Each structure stands twice: as C-alpha cells, then as structure tokens.
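Good morning, colleagues. Please look at the display before we proceed.

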Amino acid sequence: MAEADRVHKEKKQKKRTLPRGTSDYQAAWIVDDSDVSGSDSDDGSDNGMVVDEGEYDYPGQGDGGKSDFEDDQASLKLRDSDDETEADSMMMDNENLTKEQIEEDIRKIKEAHAEDEEFPDEVDAPVDVPARKRFAKYRGLKSFRTSSWDPKESLPPEYARIFAFDNFTRTHKHVLSKALDMEQGSLSECVPVNSYVTLHIREVPTHIASKLCILWKTMPVIACGLLQHESKISVLHFRIKKYETYNEPIKAKEELIFHVGFRQFITRPTFASDNFNSDKHKMERFLHAGRFSVASVYAPISFPPLPLIVMKSRGDSLAPALAAVGSLKCIDPDKIILKKIILTGYPQRVSKSKAAVRYMFHNPEDVKWFKPVEVWTKLGRRGRIKEPVGTHGAMKCILNGVLQQNDTVCMSLFKRAYPKWPQHWFPLST
C-alpha cells in the first residue's frame with residue numbers, strides 16, 4: 001500500500017510535456033498518456049493534435065520568422081520501429097499501390113458497406129494532401145455535450161462589424177418600456193387618425209427610388225419606425241421549418257429572403273439542430289423537411305416575438321417561392337454551431353481488442369497528429385490510436401472490446417461554423 005501511494009504521488013507531481021507556446025485552454029485538448037494503460041503508452045515525443053498557434057496569433061510567440069506548423073511537423077518525426085511485429089509488416093504488403101489504385105480500393109470498400117452508410121458527415125481524407133493540413137481547423141471533442149469550447153476564440157472578421165448585448169433580456173425590457181413611454185407621451189407629437197401626411201426621405205439611391213415608384217402601383221409600401229438598436233447588425237437565430245409544399249432542397253449558406261415582421265432582407269444562413277441540453281449545436285448542410293431547425297444569420301436586430309417567412313428567389317421574371325416559416329428565437333453571437341465530419345477507416349487484421357486499420361489516413365505523420373482524438377466504431381466500440389504502422393497511413397488501434405471484421409472505425413472532428421455575410425442586404429438593392 002505504501003508503494004502504491006508513493007507511485008500515485010509521483011504521477012501527480014509529474015509535469016506534462018506540452019508544445020512550445022501552448023496555452024492552458026489548448027492544453028485541455030491534449031490527452032495525457034497517464035490516463036490510459038501504461039503498457040500501451042508510447043514515448044513522450046508525441047505532441048498530438050493541437051491548435052495551430054500561427055492561425056490564432058496568441059501572445060508570447062517569439063518564433064522569429066519560423067512557422068509554427070514546421071515546428072509541429074518536426075515534433076512528429078517517427079521513431080524507428082524496431083519492435084514491429086510480423087503481422088504489422090504483412091499488413092503493408094501492398095505499399096506500392098498508386099494513388100488511383102488506392103482510391104479504387106476505397107471506393108469498392110464503401111460500396112460493400114453501402115448498407116451502413118447512415119452517417120451523412122462522412123468524408124474521405126485526401127490522398128495527395130496531408131490530413132493535418134486539410135483538417136487543420138478541426139479538433140476532437142471528448143463529449144459534444146459537456147466539453148468546453150471558448151465562444152470568443154478565433155472569431156471571423158465579420159464579428160468586428162456586429163453588435164452584441166451584455167444582457168439581451170434586460171435590454172429588451174428597457175427598449176420596450178422606453179417605446180411605451182414615448183407612445184403615452186404628449187399627443188401633440190402624434191399624427192391624428194384619418195390624416196394624410198407626406199414623408200420626405202433623403203439620401204435614397206435613384207435606382208431604388210425608381211423601383212419604389214413602380215411597386216406602389218401594385219402593392220402597399222409600408223413605412224414604420226424602428227426601436228432602439230434595430231438599425232444595428234447582429235447574429236439572429238430563428239426557429240424555422242421547411243414549408244410543406246416546397247420540394248426543392250435548401251442548402252446552408254445560400255441566399256434566401258427573410259421577411260421578419262415588417263422588414264425584408266437577404267441572408268445566407270447556417271442551419272443547426274435545436275439542442276435543449278447543450279450549449280453547442282450541430283450544423284446541418286440542408287434544411288430537412290418535417291422538423292424544426294435553427295437558422296443563424298447576420299441581420300438587422302429585431303426583438304422577439306416576431307414571425308418569419310423565408311422565400312427563395314426564382315429569378316427576376318418569377319415571384320419568390322415560399323420556402324420555410326418560423327419565428328425569431330434569440331440574438332446571441334456567442335451561440336456555438338459546430339460542423340462535424342467523420343473520417344472512416346476499415347480493419348484489415350483484428351486480434352481481440354487490437355486491430356490494424358487502414359484508409360483513414362494516408363501517411364504516418366497524420367496518424368501521429370490525430371492520435372489524441374478518440375476513435376469509435378459503428379457497432380458501438382470505442383478506443384484510441386496506439387501507433388502508425390508502415391508508411392501508407394495504416395495504424396494500430398486499441399478498443400474496449402473485440403472488433404468485428406465488418407465494422408467501420410470512425411473519428412469525429414469538429415470546427416465552428418458561422419453564417420455568410422450577404423453581398424447585398426435588401427431585395428431592392430440587387
């Protein structure tokens with residue numbers, strides 16, 4: 001017992017070896033080798049998958065002119081595999097395959113597993129581009145629901161142009177009470193009912209004024225005042241559902257016309273699932289019929305509750321088609337929407353809880369880079385990557401049970417998604 005206590009204290013006092021310049025937030029994404037079986041741990045030279053420091057420009061980087069990505073590559077040099085087993089060397093008996101042969105082999109395997117292709121997020125790692133470069137903005141999550149994600153990390157340039165509330169609920173109440181006080185103020189400032197007024201609007205472009213002159217002959221042109229903050233742009237989230245009679249696909253980030261309350265503007269939304277038990281939402285590539293989704297857009301601020309009508313343009317000659325309906329849910333630039341991809345690999349040799357997996361990656365450096373990310377299978381197994389095998393991206397994985405030969409090994413990666421900034425805001429300005 002005394003010996004066990006001493007070893008436990010030494011493990012607690014052992015200092016983790018992290019890449020140069022790694023912050024505390026980045027360190028949380030790096031799996032400690034002491035958390036897994038000691039007999040299967042590798043040498044301490046693996047830094048694993050970390051956030052590229054050059055992309056986020058963290059303070060304290062004194063690299064001179066040296067690229068951080070080159071440093072990461074240098075830290076991932078493979079050690080000589082002297083203890084490689086005979087089965088591992090037999091696995092790579094087809095290392096001399098060309099790029100076309102590898103892609104053809106992957107295609108045949110995917111066709112054989114067509115009945116299991118129920119995950120729409122699956123993508124293939126490119127053969128000619130390293131996966132650590134192609135998926136540099138992605139990271140792994142231990143738990144989609146409970147893992148932390150900093151909402152202020154690596155924001156796009158568009159976030160410098162939007163407005164954010166410290167407390168939206170309190171601001172909403174304050175704005176409505178202020179508007180109510182103005183309505184109950186002096187009656188001399190109001191226009192009597194059944195009176196005609198003339199509105200003079202300055203600084204209107206000529207082509208928009210000419211369009212308005214044509215429109216007022218066929219439909220009413222509405223003039224309405226704005227509440228405080230409603231002239232500013234922020235990130236609005238709508239709860240929408242595809243209209244029953246609209247059969248065309250609605251893809252994320254394509255131009256749609258949002259009619260919110262009395263205002264109409266053009267947006268390029270992202271769609272996400274509506275999670276109630278998590279602060280993160282999974283991005284959807286299309287608006288699916290039969291259920292509600294959350295559409296996030298850059299748009300002028302409006303205060304809920306407000307109805308929403310989504311229309312899709314069909315050209316200048318035809319009127320826009322009714323595509324979806326919904327309502328304004330909230331205004332929150334910090335809402336996290338994550339795009340998910342799944343990399344897949346296929347077991348070639350299985351020995352109890354260990355398996356040799358290929359075609360998830362195509363070079364050993366990528367295997368070392370994504371080593372800290374957990375892997376799982378479609379039949380319910382979970383595990384981790386132990387080490388690369390050979391020179392063509394095969395790897396040895398350790399799972400929590402016996403892996404079946406017809407199973408598929410998967411790895412989930414995530415990156416934050418944002419709506420697109422529209423090229424023009426209003427239909428009349430096109």
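Leaving aside its neighbours within four places in sequence, with which residues is Leu 308 in contact? In this predicted model, the partners of Leu 308 are Phe 238, Ile 240, Phe 258, His 259, Val 260, Val 325, Gly 326 and Ser 327.

Leu 308 also belongs to the largest nonpolar core, which holds 31 residues. Together with Leu 236, Phe 238, Ile 240, Ile 250, Phe 258 and Phe 271, Leu 308 touches the most other members of that core. Several elements give two or more residues to this core: helix H8 (168–183) and the strands E2 (233–242), E3 (256–260), E5 (270–272), E7 (292–300), E8 (307–312) and E9 (321–331). Strand E9 provides the largest share, with five residues. There is also a second, separate core, made up of 23 residues, including Met 360, Phe 361, Val 367 and Val 373.

The protein chain has ten helices and 15 strands. Of its 430 residues, 40% are buried. If we take the contacts between residues at least 6 apart in sequence, 76% of them join residues at least 24 apart.

I turn next to the cysteines. How many disulfides does a search of the whole structure find? The search finds zero. Cys 224, by contrast, has a relative accessible area of 48%, so it counts as partly exposed.

Finally, the cavities. Rolling a probe the size of a water molecule over the atoms shows where empty space is left. The count here comes to three cavities of 30 Å³ or more. The second largest cavity contains about 60 Å³ of space. Eleven residues line this second largest cavity, and those closest to its centre are Ile 106, Asp 124, Ala 125, Thr 344 and Tyr 359.

Which elements each supply at least two residues of that lining? They are helix H6 (99–112) and strand E10 (336–351). Strand E10 gives the largest share, three residues. By class, the lining of the second largest cavity comprises seven nonpolar, two polar and two charged residues.

Thank you for your attention.

Methods
Residues numbered from 1 in each chain as written. Predicted model: local features only at pLDDT ≥ 70, side-chain atom pairs only at ≥ 80, totals over all residues. Heavy atoms only, no water. Core = buried A, V, L, I, M, F, W, Y, C linked by side-chain atoms within 4.5 Å. Buried < 20%, exposed > 50% of the residue type's maximum accessible area, 1.4 Å probe, protein only. Helix = DSSP H or I, 4+ residues; strand = E, 2+ residues; numbered from the N terminus. Contact = heavy atoms within 4.5 Å. Disulfide = S-S within 2.5 Å. 1 Å grid on protein atoms, 1.4 Å probe; cavity = no way out; pocket = protein on both sides within 12 Å on 5 of 7 lines; lining within 4 Å. Points joined across faces, edges and corners; volume = space filled by probe spheres on them. Nonpolar A, V, L, I, M, F, W, Y, C, P; charged D, E, K, R; others polar.
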